[in-house]
Amino acid sequence: MRTLTKLDGDSSRARRELHDHIQGSGPLARHTIENHAVDNTSSRQAGNASYHESAEKHVTGKAAYIDDLKTPADALHIALGLSPIAHGTLTKLNLDAVKQAAGVIDVITFHDVPGHTDIGPVFPGDPIFVDTNISYAGQCLFAVAATSLQAARRAVILAKIDIDEQPARLDPVEATEREEFVRPTHVQERGDWQQALHHAEQLIEGNLFIGGQEHFYLEGQACVVLPTEDEGVIVQTSNQHPSETQKLVAEVLGIPFHAVTVEVRRMGGGFGGKETQASPWACIAAIIARRTGKATRLRLPRREDMHATGKRHPFHNRYKLAIDAQGVIQGGEITVIGDCGYSPDLSDAIVDRAMFHADNAYSLGDVKVTGHRAKTHTASNTAFRGFGGPQGMMIIEAAMDDIARQVGEDPLTIRKRNFYREGRDVTHYGQQVDQQQLLHTLVETLEKDSDYWARRKAISAFNVNSPVIKKGLALTPVKFGISFTAQHLNQAGALLHVYTDGSVMINHGGTEMGQGLHTKICQVVARELGLDLDNVRISATRTDKVPNTSPTAASSGADLNGMAARDAASKLRERLFDFATEHFSEGLDREGMRLADGMLIAGFGKSKRSIPWGELIQTAYLHRISLSEKGFYATPLIHYDRSVGQGRPFYYYAFGAAVAEVSVDTLSGEYQIDRVDILHDVGEALNPAIDMGQVEGGFIQGMGWLTSEELKWNDKGVLVTDGPATYKIPTFGDLPAVFNVALLEGHPNSMASLYRSKAVGEPPFMLGICVWSALRDALSSLTDYQLSPHLDTPATPERVMLAANLIRKKAL
C-alpha cells in the first residue's frame, strides 16, 4: 500500500521558497510532495537484480549500433584492399583503375598518411598500411572511399598488385627455438626449483597445444567519422578503448588530442577484440574524412574482419613437475609459448597473465615459469576474455589429470590436495592468496550439491558395461586475479550531473558491450543518492566528458568505473547534506542525514524530518549550489616488479568451480555434454541477474573455445575458417541438457571493492575447462583410468577420436 509522505516544516519552507520564485524562470520539480509516494526504491539499486538498461531497446530493435547511425546523404563508404599472402614484399601497387572507377572519391595508401604511420597500441610494429613488407594475409594495403559501399567494393578488386612472396613462418615453437620474438622472454621464479626436480620422489611431465579463438562478435568492426569545423573529427565507433582511439587518430592526423572526440554508446559484443583492434579502422576513416570534408563509414564484412584482425593467442605449453607419493606438487618448471602473430600488440601483458595463472588454484612450490612471445606471420593476436589467463590455466589442469592417473587417485582428490592453503599460500610471483579458505568452501559445497562422488561411482559402473559410449566427469576450479597487470591502467573517472527537475545523468570511462556495465553504474548512483533506478540515466562514453580512460577490459569495468561513479555521487551527496544542514534548520541532524526513497531524511523517530529529492535539488540550485561532480578512483596496493618477476599484480582473486558430465562415442569421437553444475564467487553481487548471465555466457564461450571453435590456416598462412560455415561457435543445441548455475552467497570480498563485490566478466570463462577435463576422463576409462590421454584443444570430435585410438594402443 503506497502512502503519501506527510509534509514537515522544512519541506514546507522549501515549497514556499520555490513558490515565491518568479514563475517560468525557475526549475520545475518532478518529485513534489503531491506526486511523491513513499515506496521502497532500493529494490533495483546496486546489490539487487535489475534488467539491462537497454534491454527493451535490444529486443525491439531500437538500440542503435554503428551501422544504424544516420549520416549525411553525401557520406562516403570505405572498402579495404587486403594482402592475399602472409609474407612477402610489395613490389607494385597500381591503383589507377581503382581511382577511375565509378563512384570513387578518394583512395589512400601508406604515403597519404599525414601523421604517424605506426599505430602500435603499446609498442611499435603496427603500420596503418603496408609500405613494402607484408607480414600477414589480411594486412591492409590501401583504402577506397566511394559514394556507395558497392562502388567501393567493386573498385577494390581493380587494383594491380605485385608481391614477391616468401615462405610464411607459422610455427611458434620453431620461432622460439630461433629466438624470433615480438617481445623479450620473461621469467618468474620462486625457491630452488632445480633442487625440487633433482630430489623428487616422482617426476611427471607433459605438453599441450591450446588453440586460439575468434571473437565472433555479432557486430563487426565498424565506425562513422564526421569532420568538425576546425581540424578535428568526431568518431563514433564500436570500441572498448575510446581514449586509445582518440590518441591514435590524433597522431595519424597530426593534430592535438583535444581535436578528436570519440563516442561509444554500445557495442554488439567485444570480448577483447575491440580493445586495440578497433582503432585502425577509425584512423583510416578519419584520414578520408579530413581529406574529403565528408562523413565516412567503414564496416568490415565478416570474412574481411576475420582475416584482418587478431584472435585469442594459441599457446604451446609444457610442464615438468616434482610430486610426492600423494600427488602433491613440490616444484618444477612450466613454460608457456604464446603465438603472438606478427607484432607485439598486447602480447607482453597477455603472456604475462598466462604466466600469472599457470598455477590456477594450486600451490606450485619451488617453481620457474617462463613465458615466450613468439613471432609468426599471422594477424597480431590480441586481447580475448581472460587475456591469456585461460591458456595459462590449461597446462596445470592437464597436469592435475595426469598426476591423478600416475598416483591412482581421483582427479578431484589430487586437485584438492594441491589447493592453496595455510602455509602454502604464496604464488610463484610472490603474492599471498587471500581468502584461500573460500576456495575450499566453494569446491566442497559444489562437490556436495552436485553429488560428485555418487555420480563418479555410477559413471565408473556404466563405463565397465559400455564398450563404446564412455562417460566422463570432472570438477575444475578457477582462481582469477583481478586488476590490469599494467599498473597505470587501474584508474577511472566519472562525471555526474543532477538537473533541476531532480533527474540524474552519469557518464564514465567504461564502455557497454552487452555485459551490463552501464546498468550497474546507474544502480550505484541510484544507491548513493537514494533514488529509483528510473531517475538515473547514462550517456554515451565520450572522450570529451571523461578523459584519459582505461580500456573496458580485465574484468575491471564495474570495479573501476563503479568506484569513480560512487565517488562522484558521494561527494555530491555530502555537499547537499552540508547545504541542507545550513539552510533548512539549525537543529537538523547532520550526522544521521541520509538519502532514501527519493527523500532527504534527517533524524529518527519523532525528530525525523523529510524533504523530497526534487525540492532539495531545486532549492540547492536557487542557492547556487553546484549540482555537478566528477569522481575518480585508482586501485590501491597493487604493484609488480618485472625485473625480478615478483609483486602483487592483483587487488584480489575471484573464485569459481564447475562440474561437467559428458558422454563420448569413442569410435566416432562425437560427444555430448549431459550436465553442468556451476558455483561462482562474485562477492556481494552488484546485480545478481546480470552476474548470472555473465557466468552462463562465459561458461558457454569457454566451452566453445575448448571444443568446437577451431581456427585453421593453410600452408601459406591464409585463414581458411573465415565464416560461420567453417568456424563453429556454440549454438543453442550445444547447451548442457542439465545446466545448474548458482552464485556463492554470504562471502563478501575481503578487499574494499565496490560494495564488497567481485568482478564477473572474465572469471566464468575458465569454468569451461571442466568440459575438456571430463572428455579426458571419459577417454581415460578406456584404460581403466590407468593412463591419461593427450588431448590438444579444441577437442573436436576428430581430435577425440584420434586420442581414443592412441590411448587404446598404449593400453595394449
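I started with the domains: the C-alpha centres of domain 2 and domain 3 lie 38 Å apart. Their contact (heavy atoms within 4.5 Å) takes 22 residues from domain 2 and 19 residues from domain 3. I noted the bounds, which come from an automatic or database domain assignment: domain 1 is 9–66 + 491–634, domain 2 is 72–167 + 221–299 and domain 3 is 315–485 + 647–807.

Ground rules before going on. I am reading a predicted model, where local features need pLDDT of at least 70, side-chain atom pairs count only at pLDDT 80 or more, and totals for chains, interfaces and linings use all residues. Residues are numbered from 1 along each chain as its sequence is written, and side-chain values use heavy atoms, with hydrogens and water left out.

**Record check.** I looked up UniProt, where an unreviewed entry puts "domain: Aldehyde oxidase/xanthine dehydrogenase a/b hammerhead" at residues 60–167. UniProt positions are in the numbering used here, feature names are shortened, and annotations may be inferred rather than shown by experiment. In the model, the end C-alpha atoms of residues 60–167 lie 50 Å apart, and the span is 13% helix and 31% strand. Helices (H or I, at least four residues) and strands (E, at least two) are DSSP runs, numbered from the N terminus.

**L149.** I found L149 in helix α4 (residues 149–156). L149 is buried at 18% relative accessible area; buried means under 20%, exposed over 50%, and partly exposed in between (1.4 Å probe, protein chains only). Leaving aside neighbours within four places in sequence, L149 touches H77, I78 and R299. I also checked L76, 73 residues away along the chain from L149, and the two C-alpha atoms are separated by 8.1 Å.

**Helix α15.** I took α15 at residues 517–529: it has 13 residues and reaches 19 Å from its first C-alpha to its last, close to the expected 18 Å. That expected span is 1.5 Å times one less than the number of residues. Twelve of the 13 residues are buried, so α15 is largely enclosed by the rest of the structure. After α15 comes G530, with a positive phi near 65 degrees.

**The five-stranded sheet.** I traced an open sheet of five strands with mixed pairing, in the order β9-β17-β16-β15-β10. β9 (181–190) and β10 stand at the edges with a single partner strand each, so one side of each has no neighbour in the sheet. On average, neighbouring strands are turned by 5 degrees against each other, direction ignored; axes are lines fitted to C-alpha atoms (for helices over the stretch in contact), with angles from 0 to 180 degrees between N-to-C directions. Two strands pair if DSSP finds at least two bridges between them; β15 (residues 315–323) and β16 (residues 329–339) have nine, in the antiparallel sense. L321 stands opposite G332 in β16.

I saw a positive phi near 45 degrees at F216, which is not a glycine. F216 is in the loop between β10 (202–210) and β11 (222–227), and counts as buried at 13% relative accessibility. D451, also other than glycine, has phi near 55 degrees. I placed D451 in the loop between α13 (436–449) and α14 (452–464), where D451 is partly exposed at 43%. Last, the peptide bond from T793 to P794 is cis, with omega near 0 degrees, and P794 lies in the loop between α19 (769–780) and α20 (797–811).
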